[in-house]
Amino acid sequence: MSTELSERQDLDRSGAAEEQPDICSGAAGSRMASVAEYYAGKSVLITGATGFMGKVLVEKLLWSCPEVKALYILVRPKAGQSMKQRVSDMMKCKLFDRVREDNPDFHKKIIPISSELTQPGLSISPEDVEKLSACINIVFHCAATIRFDEPLKHALQLNVIATQELLSLAQRMHHLEAFIHISTAYANCNRKHIDEVIYPPPVEPKKLIESLEWMDDGIVQDITPRLIGDRPNTYTYTKALAEYVVQQEQDKLNIGIVRPSIVGASWQEPFPGWIDNFNGPSGVFIAAGKGILRTMRANNDAVADLIPVDMVVNLTLAAGWYTAVHRPKTTLVYNCTTGGINPFHWGEIEHHVISSFKRNPLEQAFRRPNANITSNYLINQYWILVSHKFPAFIYDLFLRLCGQKPQMMRIFNRLHKAIGLLEYFSSQDWEWNSENMNMLMSQLTPEDRTAFNFDVRQLNWPEYIENYCIGTKKYVLNEDMSDIPAARQHLRKLRNIRYTFNTVLVVFIWRVFIARSQMARNIWYFVVSLCFKFLSYFRASSTLTN
């Protein structure tokens, strides 16, 4: 960066500091601007706005900060859809119903900017660069690849190099007041205790980028395990590098970093249980509800650090306000997690998910919901064989005999791959420091704490999981709640089929194996009599206790 540009940025920041009393006056008796008041008249740039969290962020800004001037969103053409078509489809989503009802012309505040994160300069046209440089006040960088098995080169391009390009663009913005980067609480998952600080990177990002430029994909794939070391995947590895890249610009920009854990369905806003994808726990919940998933390797006592998406968005907007108003001298990191404040465990999640799907079953379930979580590898492999692979083989054989294309084994293989990627996170615990998150909450007015609520102590887990499961049914699978009686009837049919199958199996084993062998009959009678004695003892003990 040239000396002239650096001097201009220093002048911009000092000029913005001189204007600070308009936002947060230091005079006695002055009132701190609320979060909504701060965003009034501001132009905001959002990356990843068409993603799950990005859409909720856009909706929340439009709803709770109705005086926001404009939302510029970086969008690329995808799957044959133009940029404008993607944005139009996004705004038709049910997520925006309350905003649409309050302001039918809300779409006029959303300004799409053609962009491609894998290209130099993010492939933003010179005209758009000038437009953004002249008007943007706050940047929310949500865009990233969240695939755990992403090839390292691609993950590096999307999570690190694209972040560098956006930071370079941000330094050209004359009126920028805050740059908020969305990271992940698992960026440093190789540590058991994670403070709200940016840890030294596993490698200098610039050197890594330069080294991988000349390597072909095969070589990079071979050396990836050694590069990522004790991190489980390229996602957490590159997000750690991105944090370091962002921190390097803290002398030039006002920066905040938000680290959410496992982002799940909405808690309250815009309505409970909103979710629009199969990522993370959502796919696992649906697989359990459909009766496809019967076993998963996890630690029942490990904390499942889920965080509702609306809580993450509320904290993000509050962090943008605080960063712009108070201008911290160093980058503040916010660990947006629940485990240390309001813990909920994987065993409890399994219980509530299965219970919820029994009350509100999914349509055309493969089997009745009934999952088993175990941390034992051999037990898990046994249940995979008995409850996954064997039924899939029988079902595919049936499809072949009917002249149809087999599919269940392929579905189970994809499921096992997805669950395998989650095992690292479902089998252990982390401790996250949340002092900055608590500090930020204390800075909010009582009204803002309600409007931008991220107090995880208020989260009722059983109710949240119930709404989450219903959300997957309504918004991911697009199933009608009025069809629940039919779905329950289907589960009863599956139960009767199972009972019939088990009865036939017992009769078959008796006729083929036990009835033809005196020794087998003796063993059978011994086991049955032992069971009866145990039951008699249990009843006698209960009677004496009473």
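## Cores and a parallel sheet

The largest nonpolar core holds 106 residues, and Tyr39 and Phe140 have the most contacts inside it. Here a core is a set of buried Ala, Val, Leu, Ile, Met, Phe, Trp, Tyr and Cys residues joined through side-chain atoms within 4.5 Å, with buried meaning under 20% relative accessible area (1.4 Å probe, protein chains only). Helix α13 (residues 309-326) supplies the largest share of this core, twelve residues. A second, separate core has 42 residues, including Leu45, Val160, Leu208 and Ile228.

A word on the source: this is a predicted model, where local features need pLDDT of at least 70, side-chain atom pairs count only at pLDDT 80 or more, and totals for chains, interfaces and linings use all residues. Residues are numbered from 1 along each chain as its sequence is written, and side-chain values use heavy atoms, leaving out hydrogens and water.

Now the sheet. Seven strands run in the order β3-β2-β1-β4-β5-β7-β11, forming an open sheet with parallel pairing. Strands are DSSP runs of E, at least two residues, and helices runs of H or I, at least four, numbered from the N terminus; two strands pair if DSSP finds at least two bridges between them. β3 and β11 sit at the edges with a single partner strand each, so one side of each lacks a neighbour in the sheet.

| Strand | Residues |
|---|---|
| β3 | 110-114 |
| β11 | 332-336 |
| β4 | 138-141 |
| β5 | 178-182 |

β4 and β5 pair over four bridges, and Phe140 has Ile180 in β5 as its bridge partner.

Conventions: Buried < 20%, exposed > 50% of the residue type's maximum accessible area, 1.4 Å probe, protein only.
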